[in-house]
Amino acid sequence: MLNALLTLAGGLGLFLLGLLLMTEGLRTGAGHTLSATLHRATETPLKAFLAGLGLTALLQSSSVVTVMLLGFLEAGLLNLYKSIWVVYGSNVGTTFTAWLVATIGLKVDVIAGALPLVALGTALRLFFGPVHRGGAWGTALGGVGLLFLGLEYMQRAFSGHIIGLELPQFDAPGIITTLAYVAFGALITALIQSSSATTAIILSALAAGSISWEHAAPMAIGANIGTTVTALLAAIGASPVARRLATAHLIFNVITALAALAILPLFLMVVRLLTKTLEGYDDPLVQLAAFHTLFNVFGVMLLWPWTSRLARWLNRLFKNEQLDRWRPPTLSLPAETLPEGLIALLDQHTRAAGHNVLSLAQEMLQENTTARQDELAAARKYLEQLEMDMIELIQRLPESQQDIRAIRYIHMLHEYFQLLGWLASWQRETLAYQPTPWLKQEIERLEQSVRAFLQLVDPTQALTPLGEEALNQTYTKIKRAYEAFKQGVYARLRHHELQVEQMESLVARANYARLIALTARKAYHWMNAKVDELAPPATDMNGEEKEKR
């Protein structure tokens, strides 16, 4: 018994390691391509569903697809409605594991095919290196080999090769036994954090005769429920966007599971009829794989008419408390207000808006990978509404009383609006690629300099001669850090330590951080310029201020 348990644990470890390496290799070798595919292929609900299905079947990890999806969702490139359809497709796509195991993994001489894959994959990784595309594909091939080896040892644990391991047998009346197997499947998945691995265990036990397929089916339903634990744990303390997506995933899986349990006998009968019509596929392994796919597709059909309502409800349910600072103020002046009173009002609200925008930028630069897309959208609306209200107030004054000083505040708002655009672009690149420790340290040093600079140009702070000097010194450090970082990235590319897509993403991220500082400096110039100097700094084609000769 102990020998069988150790064999099962070792086989499960090999399976999970293989799955991890395969996913890592595919993500490194084709990550940017897959991300771009996901972005392009979500124009309609059907395309979003097929994108989720295809990418999950290819990567063998719904978690990786969810991470990609969350990045697009929080960056504003996808809305929640289309994202839910990707989740639907991802749930169906994850059943590809069952088909892979049922038709190949447990029916061929695994050792004969797996060991050459491990050897070839290792050779490619050693020859090309882990970050090169060839090395990444080698990692994926080695992962596939380890995955099949894990299946072989799990099957042995349940078969006569070793003292056979038996899954728990529940002898309670009908529905209680069914629920017990559902709970057992959910528990295993929650513990090992992989529904694919749970499916492999169930199929291995089924192939060895340790469990009947009528009991394996409820375990597969339980695995669907257990896989939501990962998303729920990740959503704790996460952004409202992440909580919406995690809740949508939970609702889909629970409703699908309840519906499948409600008509389980009918499902089993339909699956038997379907597999009997296909010659060579009338066996319990294929029947379980078909059942796994069928009840997930049934769940999609069940929730199809309610998806738009679900998205609206989730948007209302999870609101962002940080959005409160972006509620547009009410600007009003008595009819007899003099220009000085108007200037004081515009100055007060523009400084407050600038402070809020720069505070948001500092928070995001510090958090690094925490998306704040809802707040960015709210900030844009806030600035747009504030500008409209300001223009309306200025136009109310007689032309003879309109003050040129009011123009500075409109231009400041324009710069802060542009800064939000750079911030959104910086966020997109930050979520797209996580650099190696050295590059991470260097780029975060640059971003730390930008954060320090934003504190200096906070419009609620008075500029002193020392402040002007510190301003120039800090901005010079930012430009130097940006150039040094670029050269370091190019050197890594030349030594094949980075792929071209990764290099482009890192340089773009650093450039957007620099532009955030430059735009904040321009806004600060508008605030402190004398009346006869109300013009923005001249810029060259690269957006840098021209040096005064």
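This is a predicted model: local features need pLDDT of at least 70, side-chain atom pairs count only at pLDDT 80 or more; totals for chains, interfaces and linings use all residues.
Helices here are DSSP runs of at least four residues, numbered from the N terminus. With that naming, α4, α10 (213-226) and α12 (240-262) each supply at least two residues of the lining of the largest cavity.

**The largest cavity**
- A search of the whole structure finds two cavities of 30 Å³ or more, and the largest of them has a volume of about 60 Å³.
- The lining of the largest cavity is made up of Ser62, Ser90, Asn91, Thr94, Ser195, Ala223, Asn224, Thr227, His249 and Asn253.

**Helix α4**
- Helix α4 runs over residues 80-93, and its 14 residues reach 20 Å from the first C-alpha to the last, which is close to the 20 Å expected at 1.5 Å a residue.
- This helix is mostly covered, with 12 of its 14 residues buried.
- Among the buried residues of α4 are Ser90 and Asn91, both of which also line the largest cavity, while others in the buried set include Leu80, Trp85 and Tyr88.

**Salt bridges**
- Side chains of opposite charge can pair when their charged atoms come close, and a search of the whole structure finds six salt bridges.
- One of these joins the side chains of Lys440 and Glu444, with a distance of 2.8 Å from N to O; the two residues are four apart in helix α19 (residues 437-456), so they are separated by about one helical turn.
- Lys440 is partly exposed, with a relative accessible area of 35%, and Glu444 is likewise partly exposed, with 28%.
- Arg445 forms a salt bridge with Glu442, their closest N and O atoms being 3.5 Å apart, and both residues lie in α19, three residues apart, or about one turn of the helix.
- In this pair, Arg445 is partly exposed at a relative accessible area of 47%, and Glu442 is partly exposed at 21%.
- A further salt bridge is formed by the side chains of Glu497 and Arg492, at 3.1 Å from N to O; Glu497 counts as partly exposed at 36% relative accessibility, and Arg492 is partly exposed at 24%.

**A buried glutamate without a salt bridge**
- Glu415, which lies in helix α18 (residues 405-432), is buried yet has no salt bridge, the nearest side chain of opposite charge being that of Lys522, 4.1 Å away.
- Leaving aside residues up to four places away in sequence, Glu415 touches Thr519, Lys522, Ala523 and Trp526.

Note on methods: Residues are numbered from 1 along each chain as its sequence is written. Side-chain values use heavy atoms; hydrogens and water are left out. Buried means under 20% relative accessible area, exposed over 50%, partly exposed in between (1.4 Å probe, protein chains only). Lys and Arg count as positive and Asp and Glu as negative; His and the chain ends are not counted. A salt bridge is a side-chain nitrogen of Lys or Arg within 4 Å of a carboxyl oxygen of Asp or Glu. Contact means heavy atoms within 4.5 Å. The expected span of a helix is 1.5 Å times one less than its number of residues. On a 1 Å grid over the protein atoms alone, a cavity is a set of points where a 1.4 Å probe fits but cannot get out, and a pocket is an open set with protein on both sides within 12 Å along at least five of seven lines; lining residues have an atom within 4 Å of a point. Grid points are joined across faces, edges and corners, and a volume is the space filled by probe spheres set on the points.
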